[in-house]
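Q: I'd like to go through this one with you, a topic at a time.

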Amino acid sequence: MGLVAYDVQPVTADRWDDLRAFFGPSGAYSGCWCTFWRIPRRDFEEGCRDGAAGNRTVMRRLTSEGSVPGLLAYEADRPVGWVTVGPRRAYPVLGRSPTLKPTDPDEPGVWLVPCFWVPRAWRGKGVATALLAAAVEYADARGAAVVEGYPVQVDGRLPPADAYTGTTRLFRRAGFRVHRRPPRGRRVVMRRRIS
């Protein structure tokens, strides 16, 4: 049985309805709306209240203002997976992370792939692989020199909620190499140089 070929598209304003329907009432996971790394923690926590209306508004604003906050994978015309990708400045909270903050925050040309969301029914079917490949291609086409991710090192069974940044195995298969191992936690900084 061969792998399904997914059509991966940037989420622009005209795909907002697809993203909204795909993320559903839970905003992908616990009201996140993929804003966890984008906005200050207090704003994020407040945005999770009232059905995650605040975080949904942040994502809607990004798309309506012309930003592309990420990519959707489609099987036929149905969204089946999401990855966020963008230049480092799009994820200011990562820059303040005690374990993941960059050693050189002003390094030019660094794009990040900090988050995936694939519903349970589509896991293990190559969706995340297709999303990561498309994210690298998208960043490359926009002048990125390096794509960086923060996958988790899996040692045994991993709760799906912990794998939202991807796994080291996924990133290795996509040509990423370990850049830095933070002194604590299971997340590893991995990079792929693309130009």
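**Salt bridges, loops and a helix residue**

Q: What relative accessible area does Arg20 have?

A: Arg20 has a relative accessible area of 40%, which makes this residue partly exposed; with a 1.4 Å probe and protein chains only, buried means under 20%, exposed over 50%, and partly exposed in between. Before we go on, this is a predicted model, in which local features need pLDDT of at least 70 and side-chain atom pairs count only at pLDDT 80 or more, while totals for chains, interfaces and linings use all residues. Residues are numbered from 1 along each chain as its sequence is written, and side-chain values use heavy atoms, leaving out hydrogens and water.

Q: And which residue does Arg20 pair with?

A: Its salt-bridge partner is Asp17, with the closest N and O atoms 3.2 Å apart, where a salt bridge is a side-chain nitrogen of Lys or Arg within 4 Å of a carboxyl oxygen of Asp or Glu.

Q: How are Asp17 and Arg20 placed in helix H1?

A: They are 3 residues apart in helix H1, so about one helical turn separates them; helices here are DSSP runs of H or I with at least four residues, strands are runs of E with at least two, and both are numbered from the N terminus.

Q: How many salt bridges does a search of the whole structure find?

A: That search gives 5 salt bridges. One of them joins Glu65 to Arg61, where the closest N and O atoms are 3.8 Å apart. Glu65 is exposed at a relative accessible area of 57%, whereas Arg61, at 41%, counts as partly exposed.

Q: What about Glu107, which residue does its side chain meet in a salt bridge?

A: The side chain of Glu107 meets that of Arg191, at 2.7 Å from N to O. Glu107 lies in the loop between S3 and strand S4 (110-117), and Arg191 in strand S7 (residues 189-193), so this pair ties together parts that are 84 residues apart in sequence.

Q: Changing topic: where does Ser30 sit, and what is its phi?

A: Ser30 is in the loop between helix H1 (16-23) and helix H2 (41-47), and its phi is near 50°, a positive value in a residue other than glycine. Ser30 is also exposed, its relative accessible area being 53%.

Q: What is the phi of Ala76?

A: For Ala76, phi is near 60°, again a positive value in a residue other than glycine. Ala76 falls in the loop between strand S2 (70-75) and strand S3 (78-87), and with a relative accessible area of 61% this residue is exposed.

Q: Now Thr168: buried or exposed?

A: Thr168 is buried, with a relative accessible area of 3%. Its place is in helix H5, which covers residues 168-173.

Q: Which residues is Thr168 in contact with, leaving aside its neighbours within four places in sequence?

A: With those neighbours set aside, Thr168 is in contact with Pro151, Val152, Gln153, Val188 and Met190, contact meaning heavy atoms within 4.5 Å.
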